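Take a moment to look over the whole chain before going into detail.

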Amino acid sequence: MFAGIDEVEWASMEHAYGPADDVPGLLRGLASADPAEREGALDGMYGAVHHQGDVYACTLACIPFLFELVADPGIQDRGSIVELLTSIGGIDLDEDDEEELDEEEIEGAANYAMAAAAVTAGAGVFFELIADEDPGVRLAAPLALATLHGHPVRVLALLRERLPAEPDEEVRLALVEAAGRVALRHRPLAGQAADWLSRLAAESYAPGLRLAALAQLARCAPEALPGDVVRVVAGLLRRLRTTPADAPDGADGTNGADDADPVVTAGPDDDPGPAADAAEERGAPVTLVGQLRALSAAESAGRTAPWTADLLRTLHVGLDDRVADRTALLTDQLRSPDLRQRIDAVRMSAGLIRAWRGPYEELVRLVGEQLASPEPKLAEAASHVLEELFGLAAPAADALAVRVAADPGAWVKEWASGPPGLGSAVKALARLGDARALPALAAALERPEVPHDVGFAIGYLGAAAAPLAGVLRRRLGEIALDEGAYDRANPLLCGLTALRAGEAAPEVLRVLRGAPEYRGEWLRTSALRALGSFGSAAHCAVPELRALIRRPGTAAATEAAQALWAVDGDAEAVLPVLIEGLRAEHAHERRSAVTALGGLGARAEVAAPRLRALLSHDELWLRADAAIALWEVSGRAEESVPVMLAAWERNRHVRVRVAECLARMGAAGAGSDAAHVLRAELASVRRHNAMDGGYGSHDTYEDEKLLALCRQALPGNTGKGPTT
């Protein structure tokens with residue numbers, strides 16, 4: 001084995017962490033009889049040689065030796081090596097990707113192409129592994145064939161031939177998944193694959209296999225799904241809760257579609273069981289690969305069918321914009337007596353609501369019911385989902401209030417590093433504007449270290465949080481103006497800003513005057529915004545503000561000018577400062593000046609030519625802000641609206657900002673083009689900021705805000721259709 005490995009010039013190559021002269025040791029480690037050494041070697045392969053999916057020259061040089069390992073039945077954990085080869089050779093670059101490559105990425109793209117060619121050339125070995133004695137190898141081989149082999153017709157035929165002979169349930173599911181992968185990669189075969197999957201889904205197979213077939217149908221041929229797919233899946237889930245994992249096909253004598261809920265032997269909120277405890281006792285694995293395996297084992301501990309969650313996630317991805325079906329399916333799961341199915345459903349509900357618009361009242365109410373579960377994982381998962389929903393969490397408001405009142409110990413979360421933060425349930429309740437969050441916020445403000453996000457929570461409560469103004473003011477007055485002042489003062493300043501608590505002007509002015517050098521600009525900005533929110537109640541700060549605007553062209557001068565306008569209304573004093581701010585070096589500083597000029601309205605009409613000149617600026621956000629400000633100071637929409645609509649189309653994240661302006665204009669003022677854009681947004685089922693593979697904590701809030709603004713801008717719009 002490894003003939004010629006020492007003849008490769010490994011030292012002349014590099015991987016993610018430097019010279020690749022350690023790669024031969026990693027390859028030999030994969031062949032070790034010691035499980036810890038094998039795991040460490042695999043960790044090194046993923047961590048350095050195939051770091052985050054990258055392919056280096058040393059990765060290419062490894063491929064023949066990895067195939068050698070896979071073909072040797074004496075090597076243990078070969079399934080992991082098959083997965084590694086699948087990852088190395090399975091990266092596709094489509095034409096769009098290739099067009100976007102810069103010079104530095106061309107070499108990497110060439111490596112991906114060579115890796116795909118090399119692994120595909122050797123993929124015939126996976127045919128032999130489909131019936132290997134090692135279940136781990138049989139589990140990895142189907143996806144390797146579907147991903148890498150150049151003859152998909154042969155692959156699909158082999159998958160169908162192997163299924164009846166395969167004794168392991170999880171491997172059978174992998175065979176079905178591989179068929180779906182073949183159909184997705186080779187569309188001419190989609191019909192053939194869908195016919196087979198449809199038979200598997202409809203005939204008297206085990207419920208797990210039928211569920212897997214439905215999941216793959218949803219991915220590759222959703223039109224072939226049964227019309228009553230929700231009812232069918234609900235029946236299969238009921239069977240999976242009660243059928244032993246190793247039961248033969250049809251062993252329970254039911255067809256899985258119309259069963260009533262059978263008796264469940266385990267309690268609905270049972271502890272995950274001894275397997276999870278045993279995993280904890282073994283101690284934390286040292287390698288990343290080991291940690292991932294441990295997490296997977298802990299997640300699967302005690303489950304009758306641990307792969308159910310993956311199948312349901314695949315099904316949901318395939319159902320895509322069929323929001324009604326997905327909602328109905330999750331609603332059924334959330335009513336399940338099986339704790340783990342409810343945990344899965346809560347997590348998947350977050351993904352659905354985050355990406356798609358729809359009527360979610362009942363789904364959210366059921367998520368709220370999970371807050372009462374004695375199982376911490378379920379209750380915590382539910383509170384995290386509700387935290388992201390803001391106003392959409394209203395059907396769960398009472399459940400949140402009960403949860404918050406019952407668990408004062410969870411009002412604030414402490415972290416190993418970083419400042420404390422509010423607990424999820426408290427944040428969710430506050431984001432609803434529910435005054436029942438006040439006791440938790442009041443207690444948080446009395447802590448030695450105030451949670452970093454308490455000011456934002458107060459902002460959502462609005463006037464209901466007015467009783468907190470006194471403690472905010474007192475705590476701000478106690479802040480030492482040293483290097484840690486910003487972290488301690490900013491949450492308090494945010495709260496006072498939200499409450500427009502003008503009585504706190506002296507305390508805020510003290511912070512403004514005494515801001516330390518470290519993060520001093522940030523702290524002064526927070527203080528200036530607080531003073532601006534107080535309006536005329538902050539008149540004591542006017543001399544300080546006038547002094548600050550004497551340095552035009554700086555960020556501090558722009559912020560001070562905004563505050564002075566809000567406090568004193570002296571347009572003559574602030575206008576020259578803001579106009580000078582339009583020449584600032586950084587785009588974000590120019591945007592601040594632009595926005596401030598727009599806030600002056602007609603008093604800043606003299607700045608219209610300068611704002612007009614910014615309509616062609618390279619920075620999209622600056623163009624959009626300039627267009628909005630130009631309308632605000634001139635009252636004329638004909639120049640501004642085309643720029644705003646162009647920005648709307650080019651960058652979805654600017655839409656809320658544009659919609660705010662269009663709502664003030666009204667559809668008639670904005671013109672027919674704007675009305676068309678607004679109606680198209682309201683007709684879309686997908687959230688405007690939905691991302692594949694990522695999300696922001698305020699995405700749902702921002703999208704719901706956009707919808708509300710679109711309706712506001714279109715009087716007479718019913719709001720009916722796919723929007724909430």
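How many helices and strands are there in the protein? The protein has 39 helices and four strands. Keep in mind that this is a predicted model.

Start with the chain as a whole. It has 724 residues, and buried residues make up 52% of them. Now consider the contacts with a separation of 6 or more. Of these, 66% are between residues 24 or more positions apart.

Next, turn to one pair of helices. Two packed helices are described by the angle between their axes and the distance between the axes. Helix 9 covers residues 152–162, and helix 10 covers residues 169–185. They pack at an angle of about 160°, and their axes are 10 Å apart. Angles over 145 degrees count as roughly antiparallel, so helix 9 is roughly antiparallel to helix 10. Their crossing is left-handed.

Which residues in helix 9 and helix 10 meet? From helix 9 come Pro152, Val155, Leu156, Leu159 and Arg162. From helix 10 come Leu175, Ala178, Ala179 and Val182. By class, this contact has eight nonpolar residues, no polar residues and one charged residue.

Now look for aromatic rings. A search of the whole structure finds seven aromatic pairs. One of them is Trp10 with Phe65. Their ring centres are 6.4 Å apart and their planes stand at 50°, so this pair is tilted. Trp10 lies in the segment before strand 1 (14–15). Phe65 belongs to helix 3 (residues 57–71). The pair therefore ties together parts that are 55 residues apart in sequence. Are Trp10 and Phe65 buried or exposed? Both are buried.

A second pair is Tyr460 with Tyr701. Here the ring centres are 6.0 Å apart and the planes stand at 80°, so the pair is edge-to-face. The cut-off for that label is over 60 degrees. Tyr460 sits in helix 24 (residues 454–461) and Tyr701 in helix 39 (residues 699–713). The two residues are 241 residues apart, and the pair links distant parts of the chain.

How do these tyrosines count in terms of accessibility? Tyr460 has 27% relative accessibility, so it counts as partly exposed. Tyr701 also has 27% relative accessibility and counts as partly exposed.

Conventions: Residues numbered from 1 in each chain as written. Predicted model: local features only at pLDDT ≥ 70, side-chain atom pairs only at ≥ 80, totals over all residues. Heavy atoms only, no water. Axes fitted to C-alpha atoms, helices over the stretch in contact; angles between N-to-C directions. Parallel < 35°, antiparallel > 145°, perpendicular 65-115°, else oblique. Left-handed = near helix turned anticlockwise from the far one by under 90°. Contact = heavy atoms within 4.5 Å. Nonpolar A, V, L, I, M, F, W, Y, C, P; charged D, E, K, R; others polar. Phe/Tyr/Trp six-rings, centres within 6.5 Å; stacked < 30°, edge-to-face > 60°. Buried < 20%, exposed > 50% of the residue type's maximum accessible area, 1.4 Å probe, protein only.
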